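Please keep the sequence and the model in view while reading.

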Amino acid sequence: MPSVWMGARFTTLARFALTAAGVAVGVTLVLLTLTAVPALQGRDHRAAWHATTAASPATADRALWLASDDHFLGRDLFLVRVAALGPRPPVPPGLERLPAPGEVAVSPALRDLLATTPPEALAARLPGTVTAGIGAAGLAYPEELVAVVGLPPDQLRAAGAAEISGLATTAPGLLVNDALRVILTIGAVGLLTPVVIFIAASARVAAARREQRFAALRLVGATRGQVAAMAATETSLAAFAGVALGWVGYLLARPVVAARVTFDGAHFMAADVRAPAAHQLVVLLGVPLLTVAATVVALRRAQVTPLGVRQRVRTRAPGLWRLTPVALGVAGLATIASTDLANSSTSGIATAQLLIGGTFGSLLLGLVLAGPLLCSLLARLLSRLSRSMPELMAARRIAADPYTTFRAISGVAIAALVTTMFAGTAAGVEANLDRPAPDALRADAVEVLPGTRPAAPLLTAIRADPGVRGTVVARRDPAKPGAIAVPCRDLAAAVNLTCPAPPAPNGLVPRGLEGITRLDPPDERLPVHAIYVVTDGAPLTGERIRSLAPPGVRVSTGRDIVELDHRQLTELEAGLRLAMVFVLLVATASLTVGVAAGLVERRRPFTLLRATGLQLGELRRTILLETALPLVATAVCGIALGLAASAAVASSTGRHWTGPGPAFFLTAVAGLIVTLAVSSTTLPLVKTVTEPTSVRFE
Amino acid sequence: MTTILAGNGLRKRFGLTEALRGADMSVRAGEVVAVMGPSGSGKSTLLHCLAGILRPDAGEVVFDGRRVDRLSDRRRTQLRRGSFGFVFQFGQLIPELTAVENVATPLLLAGQRRRAAIGAASVWFDRLGLAGLQERLPGELSGGQAQRVAVARALVGRPRVLFADEPTGALDTAAGDDVMDLLVASAREQDTATVVVTHEPRVAAFADRTVLVHDGLVDDESDVDKSDVDGGVAAR
Amino acid sequence: MTVSYALLTLLEENERHGYDLKRAYDQRFDGTRELTFGALYRALSQLVKGGQATVVAIEPGAGPERKRYAITEAGVTDLQRWLAEPEDPQPHLQTVLFMKVMLALMSGRPAKAYLRAQRAHHMSRMRDLTTRRRGADAAAALRLDYELFHVEADLRWIDHAESRLTDVAAEVR
């Protein structure tokens, strides 16, 4: 028996290495995907105390609490002013005690920022001395800007602070919800699928040789079960090696993920980037099982009898029924496109989400099922049009086994569909964001809403700032809702609007102009409603103005919201790009392994053909053709389906669909070319494997 | 008859073993020559050198006045495609192509149109007793049928020389005889010189003459047969 | 016939008595038909009559007188010719082919050259049979096949013998 194993040592080793590598990559990826929920939950949980209100459950003595969501140069700054009203006030996590009046506790990131920022732009907002740091337990993410400022109780009361007797402890659950879980599950499956395909492709490396070996074993009396067990043993050994490797990879990748991956512009706490133990166990045991299953299925196609592998005859051509899921998916898209998601009820949205999920699912499944049919049709077309020998050989090869052909390229097809789907949707969102908002706050303007605070000293302070070019004061008569008193021409210097008013109702309306439909002539007697400051455009000017404002005054710059949306979109795109690069990479690897396996499988006829005068170039063209043609065709189908899907979603949400830009298509073409180029690395192999001089005429 | 293919002083070494040690052999137009010899004697290497598959380390191969051993790999491939035909022991048919497409391969490679090539290939099916098997895949043919398809493929391009390496190696004697009958008859019919490498005397007996390869050298048996034996008999 | 040439080979080595010759023959060709004294003396007297051998001495002894035989010039020439000459292929030729190889080896003559000549002769017969079979009707072809298979068997033995020559020569000499 050992000699039987030794006989194919090299190929066994190659297969072992490929399988182990595939499993390792799969395990690392799935484990990292599984860290997403704990990481987000951790962020949610750590930030729970930010949401403290008077209604939070009582756990301690009373305290005054005035929280505000401030900003600094586009970054969120959580600022809370506190005053203890008893000896045992509630203490936020990460702090040892509540800061006394005149004391300030800051997060490490804020401490760094204070050190590098002119005091009037930031430190002015934190009256007192920094006496403490806030630990990780109180920070949603490592670089979060948080300040807890101790103030005298009476000053706080005057600013409108709430009286609390405990901190909020339950996370608002804004980040982790069912939709996210579904997305993560789809993502994990999407990442795992190409890995499984890769493993199955690896199992077929030198399959013929292995099957011969198994046939020899069956001849000396091994039962079918024993042979299957042997194959499974071989694979599971590789799988366990891969699992160990993958787990180590996961451990190594955790700090990298914590250091590199951002969500909402922020990194995760390293301690939160950890898959739950139970999940880890499931993955570590489940992936080997999956691997063995993939191998057994891959081997099953060639039932090993004692007399060798059963003679390969025609495989049954794929039936038209394979189009059903695609047809269902397309019907689903049509339904989605005709639904008005933007204006439907909550239950309507839930139904629509179900519809979208089902449609995307059936499109994905449909692509995988219809792929062989597509390949088969393609082969038929090619064989009809073929003029040269390479074309005919490629056509017949695809037609002979469209299933294997498609399996090799399915990863690329899926990647094409999913990428296009998201790129199309993202492009739609972006197009909407980029649409100029004529009534938005100008980039160099700042809006100050004094609320109940006295406006006059604030106005004086603002006008004294060297970066301020001018101020526009909008006043308002409480008795006249929908109208403010401000000259249109003045307002136009800070806000994009056409004069004469009213401001257009659409777009990003500055908070101070929400609900305003009429501009009245200025009237100095009315109370100040909003101050629009025209600055020199330097970012710090805005921050200085923010710092001038006492608690309770809202200061916003035009960028705050837009930047946040952009950030999320960029992250989504970056993450998607990363996932797609990975999928494409693994798919390319499977394709390459598949091409090499197909070559080795046909070594003898190819070698003899070369002996009889087939040029090397013709052989290479055949192999390239039988790979490239189905690859391009299925990728095009995937892209088409993806475009249709994104268009349908855009139309249902009432957005204007533009489709992904030329950059996307260039990237897609480049991706295909890279995939082909990588799988072409097998072409030099064609020469050595089919060298006619290596023929042994046994 | 003129010599169309000759190998003179051929030497070929594979690592430590010297497969050919100065072998000479010539093939005359239209004749059928059998190359015999024990396993490992170098007979396949000799065939591969003559056919331009291998380049000899020393010596020359001349086909039709051209030095084959000096041609580039590309030119030798073209020569094999255009002027030579090949039949191997087994496994030379492309599994995904139908029988008739397999036969048409050399014509398609030569740039013939598909329809014409298939048509020319079909003619051979009746001639070789393969009528009705055109659309079969190689996996659906018997050993003898597959070998006859291989013979048709080797001859369809009307090569000047046909090389057959143990063409009946995997067949029983009856099927082997049929294949050899068809091979030799068809080759003679279109005046194709044939070199058959075999270890079976039955197969060699189809040839006009036999050469023996021993330890990398060629003994032309016809010389032995003519001089020694006839001389001996005459002396009696 | 082969017995005569075997005796000549033995005589070429040494002059021998009749009894000696029988013992040497039985030893060397163990397994072929046993040589009776009757056959031995019949062959010897024919050789003497044909001038290929001669009686060189008559020694008295216990029992019958003992003649000492020797090979003549004519005997050597005849042996040489016979050993070089390939036999026409025919069924049941094996003994002759075998004896020729053995005698050539014993007498230091080129057994390989003989085998090559025999091979060429057999090959030529096979070619002839194959050609005749091509035009023959089925029954005739079957008869020719019978002959072909037997000639082929000889040929296979010839090829095999050639590959074993060195071993056998070492043993015989």
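## Terms and basis

A residue is called buried under 20% relative accessible area, exposed over 50%, and partly exposed in between, with a 1.4 Å probe and protein chains only. The model is predicted, so that local features need pLDDT of at least 70 and side-chain atom pairs count only at pLDDT 80 or more, while totals for chains, interfaces and linings use all residues. Residues are numbered from 1 along each chain as its sequence is written, chains are lettered from A and ligands numbered from 1 in the order in which they are written, and side-chain values use heavy atoms, without hydrogens and water.

## Loop residues with positive phi

D191(B), although not a glycine, has a positive phi of about 60°, and its place is the loop between α6 (173–189) and β8 (193–197) of chain B. Because its relative accessibility is 54%, D191(B) counts as exposed.

R158(B), in the loop between α5 (143–155) and β7 (161–165) of chain B, is another residue other than glycine with a positive phi, here near 50°. R158(B) counts as exposed because its relative accessibility is 56%. Most residues other than glycine have a negative phi.

## Packing of two helices

In chain B, helix α3 (residues 99–109) packs against helix α4 (residues 114–127) at an angle of about 120°, with the axes 8 Å apart. Residues that make the contact (heavy atoms within 4.5 Å) include V103(B) and L107(B) of α3(B), and A121(B) and F125(B) of α4(B).

Technical notes
Axes are lines fitted to C-alpha atoms, for helices over the stretch in contact, and angles run from 0 to 180 degrees between N-to-C directions. Helices (H or I, at least four residues) and strands (E, at least two) are DSSP runs, numbered from the N terminus.
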